[in-house]
Amino acid sequence: MTDVIVLNGGSSSGKSGIARCLQAALPDPWLALGTDTLVDAMPASMQASDAGIEFAPDGQVIVGPEFRTLEAAWIEGVAAMARAGARVIVDEVFLGGADSQKRWQKALGELRVLWVGVRCDSAVAAGRELARGDRTIGMAASQADVVHRGVVYDLEVDTAHTEAMECARTIAAHVG
């Protein structure tokens, strides 16, 4: 049985929509937690500090040591929830590509994980970003490819050509 589904993709690639569709499509209850959950839980001062997380005007995301400390604790907490019996869908943005995946692999250890790459053409993601109105313009384009560098997946979906529910059904078919 799969314990954790990790959805990795750039901003506005469709991960959150897929996570909601997975919750509807899978027979058992799954928690959906994402990097936005972590950022939203942090004090506002973390977004105004070199030590925290900075969203640059060009869309780049820069993380500092205080952010990394809280992120490490959060990752361990998500892993602990899965070990305690919660099935978890993680909506992530691997800014560090393979290095980001390694941090999750270390924390998730023996848990059964389905690694899913959520790809989306940068122009399509940029259009979604603009329509959302809650993201720094340029973030989607800057993350579209870099988040997948060196990352190994069990499965990949492409939201530029496939609706979220269809992507969720494809993923659900691989959940044991």
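**Exercises on strands, aromatic pairs and a cavity**

In this predicted model, 4 bridges join strand β6 (residues 113–119) to β7, and the two strands run parallel.

**Exercise 1.** Determine which residues of strand β7 are buried, and which residue of β7 stands opposite arginine 119.

*Solution.* Step 1: follow the side chains along β7 (residues 155–158), which alternate. Step 2: Leu155 and Val157 point to one face and are buried. Step 4: the residue opposite arginine 119 is aspartate 158.

**Exercise 2.** Classify the aromatic pairs of the structure and locate their members.

*Solution.* Step 1: the whole structure contains 2 aromatic pairs. Step 2: tryptophan 74 and tryptophan 104 lie 5.8 Å centre to centre, with 85° between the planes. An angle over 60 degrees counts as edge-to-face, and this pair is edge-to-face. Step 3: tryptophan 74 belongs to helix α3 (residues 65–83) and tryptophan 104 to helix α4 (residues 98–108), so the pair ties together parts 30 residues apart in sequence. Both tryptophan 74 and tryptophan 104 are buried. Step 4: the ring centres of phenylalanine 94 and tryptophan 115 are 6.4 Å apart and the planes stand at 55°, so this pair is tilted. Step 5: phenylalanine 94 sits in the loop between β5 (88–92) and α4, while tryptophan 115 sits in strand β6, 21 residues apart.

**Exercise 3.** Describe the largest cavity and its lining.

*Solution.* Step 1: the largest cavity holds about 30 Å³ of space. Step 2: its lining includes Gly10, Arg119 and His148. Step 3: the lining residues divide into 5 nonpolar, 4 polar and 1 charged.

Methods
Residues numbered from 1 in each chain as written. Predicted model: local features only at pLDDT ≥ 70, side-chain atom pairs only at ≥ 80, totals over all residues. Heavy atoms only, no water. 1 Å grid on protein atoms, 1.4 Å probe; cavity = no way out; pocket = protein on both sides within 12 Å on 5 of 7 lines; lining within 4 Å. Points joined across faces, edges and corners; volume = space filled by probe spheres on them. Nonpolar A, V, L, I, M, F, W, Y, C, P; charged D, E, K, R; others polar. Buried < 20%, exposed > 50% of the residue type's maximum accessible area, 1.4 Å probe, protein only. Pairing = 2+ DSSP bridges. Phe/Tyr/Trp six-rings, centres within 6.5 Å; stacked < 30°, edge-to-face > 60°.
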